[in-house]
Amino acid sequence: MSVEAYLNATSNQGNSSTFPPDDFGWAFSLRITILYILMYVPLWVCIVVGNLMVILAFVYNKELRRVQNYPLISLAVTDLLTGISALPALLLVRLTVSPLVCSASTRFSLIMPSFTFCGSSIYHLLFIAIDRCVSLTYPLKYPSLVTPRRMIRVLSLLWIYNVWFALIPLYIPNPAGEDRWLCYANENYDNELDVIFILIGSFLPIYFLFMMILYAVMLYIAFKHIRTRREMSYQASPLRTRNGARARMRGIVTMATVVGAFGICWLPSTFKFFYQNYAPTTKESLITVQTITEYLSFTNSMVNPLIYGYFNCQFRIGFKMVLERWSCRIRGRCNREDKENVYSTGMTNLALSVSAESINEPSSKEIVSSANLRSL
């Protein structure tokens with residue numbers, strides 16, 4: 001059954017408890033449905049594989065099991081759950097019309113994973129920015145200030161808060177006291193989800209501004225650090241000084257990439273939330289804006305492992321270790337000696353990358369600050 005048939009069936013129902021026939025139908029034509037699938041299936045594969053690689057790299061590479069990487073792994077788990085549960089559930093909501101999808105009593109259970117995990121991804125990005133800023137501003141105090149136990153507690157509270165935030169619509173009473181048919185019965189979205197739409201749409205620009213301020217502070221610290229190191233050691237080793245500056249500039253490029261990706265992927269959602277609630281819309285324009293903004297939001301879960309993983313030298317080595325170990329298992333010729341060779345090769349590459357970026361006799365504060373900057 002097409003969307004036009006259901007529109008005719010629900011045109012005079014509004015928010016009544018009378019439901020259309022109990023059957024299953026597609027919300028769009030076959031061509032548009034196939035286009036949706038072709039768009040989202042590659043995205044789903046990239047989200048799952050990319051974040052799974054980050055998690056496995058953390059498991060296999062002991063050098064990655066530092067407290068500073070805990071937020072990155074928690075972010076990878078969040079994005080992995082986004083790909084596994086939130087994206088398929090939202091795709092079911094957008095492409096199908098049925099009592100399961102359109103009933104007010106069950107529709108929220110399908111949309112809740114998107115609110116939970118996408119919101120958790122946003123707060124993880126903010127927390128990572130705060131953590132990086134603290135590590136660069138107070139490099140010597142950071143190890144004692146941010147312990148593994150404290151980091152785990154903060155990340156646990158972050159997860160609890162995100163689940164509570166996603167459940168806000170459940171706390172809002174239904175004045176009609178009845179179940180409702182939500183699909184296309186009311187284009188103004190006058191249901192409990194309005195509250196969470198407005199909250200997310202209002203705070204996203206504030207989050208973006210806060211993240212820009214944090215990374216601007218880190219950028220200032222990075223340039224100050226580069227200038228200090230250059231003045232101290234240029235006469236002794238100009239080549240190594242240039243290599244160190246280039247290494248730190250890669251960290252700066254990572255910072256700019258993080259801010260840019262966050263803005264591109266999430267700021268359009270602010271426009272969508274206000275557009276669908278306050279602007280005069282048509283069914284076609286609303287679906288177009290909704291599809292583009294939701295796709296960009298899910299794209300952020302694919303981009304995060306690339307930014308925080310691929311740009312990080314230690315994670316790149318961890319990715320190689322994961323691929324080598326799994327290729328060894330697939331061939332069926334993996335023994336203990338092979339695993340030790342994979343680990344020793346990764347550690348050798350890591351030592352070479354760190355030594356290539358080192359500079360003659362830096363102070364202890366500069367060593368810690370350089371390591372924190374490289375981890376960006």
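Does Ser 301 count as buried or exposed, and at what relative accessibility? Ser 301 counts as buried because its relative accessibility is 2%. Buried here means under 20% relative accessible area, exposed means over 50%, and partly exposed lies in between (1.4 Å probe, protein chains only).

The structure is a predicted model, in which local features need pLDDT of at least 70, side-chain atom pairs count only at pLDDT 80 or more, and totals for chains, interfaces and linings use all residues. Residues are numbered from 1 along each chain as its sequence is written, and side-chain values use heavy atoms, with hydrogens and water left out.

Confidence was examined through pLDDT, the predictor's confidence in each residue, from 0 to 100. The protein chain has a mean pLDDT of 75. In this chain, 67% of residues reach 70 or more. Residues 185-191 have pLDDT below 50. Beyond near neighbours in sequence, that stretch has 18 contacts in the model, a contact being heavy atoms within 4.5 Å. The pLDDT is also below 50 over residues 350-364. This second stretch has 23 contacts beyond near neighbours in sequence. Where pLDDT is low, the predicted coordinates should not be read in detail.

The protein chain contains 13 helices and 2 strands. Helices (H or I, at least four residues) and strands (E, at least two) are DSSP runs, numbered from the N terminus. The chain has 376 residues, of which 48% count as buried. Among contacts between residues at least 6 apart in sequence, 81% join residues at least 24 apart.

Ser 301 belongs to helix H10, which spans residues 283-310. Leaving aside residues up to four places away in sequence, Ser 301 touches Ile 47, Asn 51, Asp 79 and Thr 82.

Helix H10 also meets H5. Their axes come within 11 Å and cross at roughly 35°. Axes are lines fitted to C-alpha atoms, for helices over the stretch in contact, and angles run from 0 to 180 degrees between N-to-C directions. The crossing of H5 and H10 is left-handed. A crossing is left-handed if the near helix is turned anticlockwise from the far one by less than a right angle, and right-handed if clockwise. H5 contributes Ser 114, Cys 118, Ser 121, Leu 125 and Ile 128. H10 contributes Phe 298, Asn 300, Asn 304 and Tyr 308. By class, this contact has 5 nonpolar, 4 polar and no charged residues. Ala, Val, Leu, Ile, Met, Phe, Trp, Tyr, Cys and Pro count as nonpolar, Asp, Glu, Lys and Arg as charged, and the others, Gly among them, as polar.

H5 (residues 104-137) packs against H7 (residues 148-166) as well. The angle is about 145°, and the axes lie 8 Å apart. This crossing is right-handed. Among the H5 residues in the contact are Phe 108, Met 112, Phe 115 and Asp 131. Those of H7 include Met 151, Leu 155, Trp 159 and Ala 166. The contact divides into 14 nonpolar, 5 polar and 1 charged.

Arg 150 also lies in H7. Arg 150 is partly exposed, with a relative accessible area of 45%. Its partners include Ser 144 and Leu 145, not counting residues up to four places away in sequence. The C-alpha atoms of Arg 150 and Val 67 are separated by 9.5 Å, although these residues are 83 apart along the chain.

Cysteines were also considered. A search of the whole structure finds 0 disulfides, a disulfide being a pair of cysteine sulfur atoms within 2.5 Å. Cys 46 is partly exposed at 36% relative accessible area, whereas Cys 133 is buried at 11%.
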